[in-house]
Amino acid sequence: MATSKVLLSVLKGKCADLGLKCFSTSSVQHKKSYKLVVVGGGAGGCSTAAKFASKLGKGQVAVIEPSDTHYYQPLWTLVGGGLKSFSQSNRPMGSVLPRDCEWIKDRAVSFDPENCTVTTSNGQQVNYEYLVIAVGLQLNYHHIKGLPEAFEVDSSLCSNYSRQTVIKTFPALQAFKGGNAIFTFPNTPIKCAGAPQKIMYLAEHYFRKAGIRENTDVIYNTSLNVIFAVKKYADRLLEVIKNRNINVNYQRSLIEVRPDRKEAVFAKLNSDSGETETFHYDFMHVTPPMSAPDPLKAAKKLVNEAGFLDVNQYTLQHTMYPNIFGIGDCTNVPTSKTAAAAASQGFVLSHSLAAQMAGQPIHPGPSYDGYTSCPLITGYGKCIMAEFDFDAQPLETFPFDQGKERLSMYLVKKDLLPKIYWNLMLNGQWNGPKAYRKMMRLGFDTGSKHIPTTPSLKV
Ligand code: FAD
Ligand code: UQ1
């Protein structure tokens with residue numbers, strides 16, 4: 001008790017030094033105040049709240065999250081492939097958020113970092129001493145002309161990326177009788193950059209099992225100019241693509257869908273004259289353009305030019321506001337956006353934030369190395385388990401070559417990772433596989449050699 005009083009007075013002094021009005025809230029009736037506010041109750045937000053709720057005690061942590069349901073999105077690849085049911089990806093939000101935290105069931109609409117306040121859509125002002133922003137990515141299906149309406153009328157269009165459209169994928173695969181099966185990758189950062197091709201490999205395998213592969217063209221139209229960011233895995237995927245006779249078109253970005261004519265229009269990104277190319281589709285899986293959510297983009301003091309939360313990539317502390325931290329897809333951390341990345345970030349964030357709360361320097365402390373992972377399912381029973389760091393260098397957990405397609409890695413993705421997610425990660429107890437990597441590799445740490453820079457706090 002005495003310690004926490006000392007800590008509080010230290011923190012009051014600290015925030016006053018910083019010119020932030022973090023402690024001036026109790027007199028205002030419609031404001032609620034918390035020591036820690038987490039915005040977003042997804043993979044990163046829920047696990048962060050769990051790490052702090054029991055330590056800080058009842059009533060000290062609030063999570064602002066509008067959704068009734070928490071979705072384990074990595075399962076949606078398997079839902080699309082007919083391997084899991086949609087309901088297996090869902091749990092009531094109230095059952096996954098920590099018991100000791102308060103759930104503010106509303107959407108954050110604005111951030112006022114000078115006054116340490118977040119405002120929700122019903123006008124409630126939520127005051128914090130420390131803030132963690134974990135609002136994920138916004139799906140911009142509406143940026144593709146005709147697409148939202150086309151989803152309503154065309155059962156051969158699907159997308160594993162949203163809860164409304166993932167349930168269309170497997171029925172569309174089952175109904176497909178041959179022709180052009182198109183898979184797209186948009187011209188923006190996305191979550192799980194492997195997922196647009198995972199569903200393609202499952203579909204291609206499904207078409208072979210259904211005996212319709214010979215009259216099917218499998219087409220991957222990607223905005224990128226590489227198949228995958230890490231050379232080791234890209235080389236292996238290109239072999240898979242060649243062996244499976246898949247057609248890849250680089251620098252093609254979907255801009256319009258015309259369901260009445262079954263046409264998909266792609267911008268040719270490598271053409272100076274704004275050329276487009278129109279494909280006939282009989283089945284199409286669309287990965288939508290994505291961005292930071294609008295309310296975050298609008299918080300100009302918090303974000304970079306692209307609208308992502310501006311944090312130090314090694315400590316996850318905001319570059320301007322030392323009492324604000326970020327985790328997961330909504331940040332500008334230069335790594336591939338995955339739940340695996342959020343798990344590893346969670347470990348660093350909890351140390352950085354705890355140090356900040358105690359008025360101690362964040363360095364020396366754990367530093368995020370960019371760890372991210374993408375289980376690249378290449379068929380029913382096959383998976384290349386990609387794991388890598390900020391430098392796009394492999395950072396593999398298991399003592400064998402993970403660039404090979406393996407049944408064991410498929411089973412890890414299908415059966416082990418969901419258990420890890422629900423039972424460990426959301427309870428704040430899964431920080432990624434780093435500890436196992438060291439064990440499995442008999443103490444030889446293959447970890448990346450990142451030397452963190454001093455956090456550039458400009459306050
Ligand atoms: P999310 O988990 O998306 O959570 C964001 C939360 O913020 C949501 O609950 C949302 O409701 C809430 N929110 C949004 N706006 C507001 C607001 N204004 N106010 C309050 N709350 C708000 N990752 C892997 O590691 N491995 C995989 O195999 C994998 N496969 C994937 C396959 C698919 C098809 C998809 C879609 C994703 C996949 N991912 C995978 C990515 C993974 O799901 C995300 O990277 C991860 O969920 C990011 O966590 P997050 O907390 O940043 O965002
Ligand atoms: C991981 O830690 C994780 O978070 C729970 C995922 O999200 C579901 C993943 O997809 C992966 C691959 C990892 C990394 C874990 C291992 C065992 C490689």
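Does Cys383 count as buried or exposed, and what is its relative accessibility? In this predicted model, Cys383 has 0% relative accessibility, so it counts as buried. Let's start with the cysteines and then visit a ligand.

**Cysteines**

A disulfide is a covalent bond between the sulfur atoms of two cysteines. This structure holds zero disulfides.

| Cysteine | Nearest cysteine sulfur | Distance |
|---|---|---|
| Cys101 | that of Cys46 | 7.8 Å |
| Cys383 | that of Cys374 | 8.3 Å |

A disulfide calls for two sulfur atoms within 2.5 Å, and Cys101, with Cys46 at 7.8 Å, is in none. Cys383 is in no disulfide either. Like Cys383, which is buried at 0%, Cys101 counts as buried, because its relative accessibility is 12% and the cut-off for buried is under 20%.

**Around ligand 2**

Now for the ligand. Ligand 2 is surrounded by 13 residues, and the closest are Tyr72, Tyr371, Ser373, Glu387 and Trp430. On its own, ligand 2 exposes 440 Å², of which the protein buries 97%. Helix H10 (339–357), strand S20 (372–379) and strand S21 (382–388) are the elements that each give two or more residues to this shell.

What kinds of residue make up the shell around ligand 2? Eleven are nonpolar, one is polar and one is charged. Trp430 brings a polar side-chain atom to 2.8 Å from an oxygen atom of ligand 2.

Technical notes
Residues are numbered from 1 along each chain as its sequence is written. Chains are lettered from A and ligands numbered from 1 in the order in which they are written. This is a predicted model: local features need pLDDT of at least 70, side-chain atom pairs count only at pLDDT 80 or more; totals for chains, interfaces and linings use all residues. Side-chain values use heavy atoms; hydrogens and water are left out. A residue is near a molecule or strand if one of its heavy atoms lies within 4 Å of it. A polar contact is a pair of N or O atoms within 3.5 Å; within protein, one must be able to donate a hydrogen and the other to accept it, and residues adjacent in sequence count only if both atoms are side-chain atoms. Accessible areas come from the Shrake-Rupley method with a 1.4 Å probe; for residues, only the protein chains shown count as cover. Helices (H or I, at least four residues) and strands (E, at least two) are DSSP runs, numbered from the N terminus. Ala, Val, Leu, Ile, Met, Phe, Trp, Tyr, Cys and Pro count as nonpolar, Asp, Glu, Lys and Arg as charged, and the others, Gly among them, as polar. Buried means under 20% relative accessible area, exposed over 50%, partly exposed in between (1.4 Å probe, protein chains only).
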